[in-house]
Amino acid sequence: MKPIGDMLSNLGKGSGDRERPEGTPRGPEPEAEACPICGGLGYISYDVPPEHPLFGRAVPCGCPAAQRERALAVGPLQVLQDKRFETFLPDGIGLSHDQARTLRRAYERARAFAEDPQGWLVLRGGTGCGKTHLAAAIAHRLLERGVPVRFVNVPDLLDELRAAFSPDAETSYAERFWALREAPVLILDDLGAQQSTPWAQEKLFQLLDWRYNARRPTVITTNLPLEAFEPRLRSRLQDARLVEIVTILAPDFRRGGRPGGPELNILPLLREMTFETFRDRPELLPRERENLREAVAIARAFAEDPHGWLVLAGHYGSGKTHLAAAIANAVAARGIPALFVVVPDLLDWLRAAFHPRSDQPYDRRFDEVKLAPLLVLDDLGTESATPWAREKLYQLLNYRYLAAAPTVITTATPPENLDARLVARLSDEARVTVITLDLPPYRTPLRPGRRRPRPSSA
């Protein structure tokens, strides 16, 4: 076996770095204990003319290494045996037109990739929308056709690479990393779900950067927006010449399409709060009416193109919640999941995840909120200001700030009473639009000094 240093030094060498006669297989340099044909990689390719049927094809070797490679490919798929194209519902059930359209397109693109794996296919969408099902279906179809494929969950992949540094590991880190980067087709499930340590980010970038430069067929599933990835990886994913990104708007089929569950998302209770039902207020002063018209115009524009953050500030009863609900209802009507939560309720819901009988772990609940396509946080500042609450809110909002995820916030709390870290985020005019509703409450029909007009005598 070669020393680990020698093996790592060879990782940067492509299979074309060594001269070989036409028709001989390519692979890593054979080792004393490795297969002399495939070099322990598990598959081979041939230097043949483009018109040859084996040109560009990776063919499984017949050695034990090939059998181990197939076991590694099939192993994670054992629990996904039923996730095939034949069991996928490409039009969903009870979806809106836009949701069904995106699901159908993802299904069609996945089938096309399985028949001709070229370039990169990125399946992006919320939890439970069908991304993993389609990725597993691609893997099953490729294996049925004899095409070598590696299907790995990203957090598990990183755990395996870490474990490879153990003296008792059956295969070294270099061997595992080589097998991943050289895989004819690599499927990475749940990119972004891993713990984002510097080491994890660096390993993932090394792997994906090599496959990007080598133009190796790759499938990625993620529930993160592109803005959430570190800049180097994001630049690779944005290369339209190689990468096709398919976004699925379908909701989590296991929850009936309600992000955060029925106990958290109160948007169904606010379905009457729309822009059409937001009434004018003739009793306002001219300056106040102009303020209200401006707020409505900004809210409508945000609902049409939700980007960045919108903060609606003002006294209780000034119309902030109605406008926030109108935005969420307008976005949801187009098939984009919207999560509307009251901040104190959100924190109670997160705390409840620590109960032994909770149906979901805390991390999953937190991810449902932080990854919502549109998040509305109502009544920021009314929560109990414990250190835990402040930290959770900061973690949530800091993530969405860095990811530029569409977010609407309503608050009646003066900035000096909010967490200074949140105030710093809310003060960024490049990403955050703040509109202050300087209006009297709807429930106060008269101002001091104003008289109600007397009814005219008939």
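## A buried histidine

A residue is buried when its relative accessible area is under 20%. In this predicted model, His-140 has a relative accessibility of 6%, so His-140 counts as buried.

His-140 sits in helix α4, which spans residues 131-144. What does His-140 contact, leaving aside its neighbours within four places in sequence? The partners are Leu-77, Leu-80, Gln-81, Lys-83 and Arg-84.

## The chain as a whole

The chain has 458 residues, and 50% of them are buried. Its secondary structure comes to 14 helices and 13 strands.

Take the contacts with a separation of 6 or more: 76% of them join residues 24 or more positions apart. The accessible surface comes to about 23,100 Å². Carbon and sulfur atoms account for 54% of that surface.

## The largest nonpolar core

In soluble globular proteins, nonpolar side chains tend to be buried together. Here, the largest nonpolar core has 32 residues. Trp-120, Leu-157, Leu-188, Leu-191, Ile-220 and Leu-237 have the most contacts inside this core. Two strands, β4 (120-125) and β6 (186-189), each give two or more residues to the core. So do the helices α5 (154-163), α6 (173-182), α7 (198-214) and α8 (231-237). The largest share, five residues, comes from α7.

Leu-157 shows some of these contacts in detail. Not counting residues up to four places away in sequence, Leu-157 touches Val-152, Leu-180, Leu-188 and Leu-207.

Helix α9 covers residues 286-304, 19 residues in total. From its first C-alpha to its last, α9 reaches 27 Å, close to the 27 Å expected at 1.5 Å a residue. Its buried residues are Glu-288, Asn-291, Leu-292, Ala-295, Val-296, Ala-299, Phe-302 and Ala-303. Why do they count as lying on the same side of α9? They cover an arc of only 130° around the axis, and this puts them on the same side.

## Salt bridges

Side chains of opposite charge can pair when their charged atoms come close. The structure holds 23 salt bridges. One of them pairs Glu-290 with Arg-293, with the closest N and O atoms 3.2 Å apart. Both residues lie in helix α9, three residues apart, about one turn of the helix. Glu-290 is partly exposed at 46% relative accessibility, and Arg-293 is partly exposed at 48%. Another network of salt bridges that share partners joins Arg-84, Glu-86, Glu-115, Arg-141 and Glu-144.

Asp-82 forms a salt bridge with Lys-83, the closest N and O atoms being 3.2 Å apart. Asp-82 is partly exposed, with a relative accessible area of 44%. Lys-83 is partly exposed too, at 24%. Arg-109 and Glu-244 also meet through their side chains in a salt bridge, 3.0 Å from N to O. Arg-109 lies in helix α3 (residues 97-115) and Glu-244 in strand β8 (residues 243-248), so this pair ties together parts 135 residues apart in sequence. Arg-109 counts as partly exposed at 32% relative accessibility, and Glu-244 counts as partly exposed at 23%.

Technical notes
Residues numbered from 1 in each chain as written. Predicted model: local features only at pLDDT ≥ 70, side-chain atom pairs only at ≥ 80, totals over all residues. Heavy atoms only, no water. Helix = DSSP H or I, 4+ residues; strand = E, 2+ residues; numbered from the N terminus. Expected span 1.5 Å × (residues − 1). Buried < 20%, exposed > 50% of the residue type's maximum accessible area, 1.4 Å probe, protein only. Arc of directions from axis to C-beta. Contact = heavy atoms within 4.5 Å. Areas by Shrake-Rupley, 256 points an atom, 1.4 Å probe, with all protein chains shown as cover. Core = buried A, V, L, I, M, F, W, Y, C linked by side-chain atoms within 4.5 Å. Salt bridge = Lys/Arg side-chain N within 4 Å of Asp/Glu carboxyl O.
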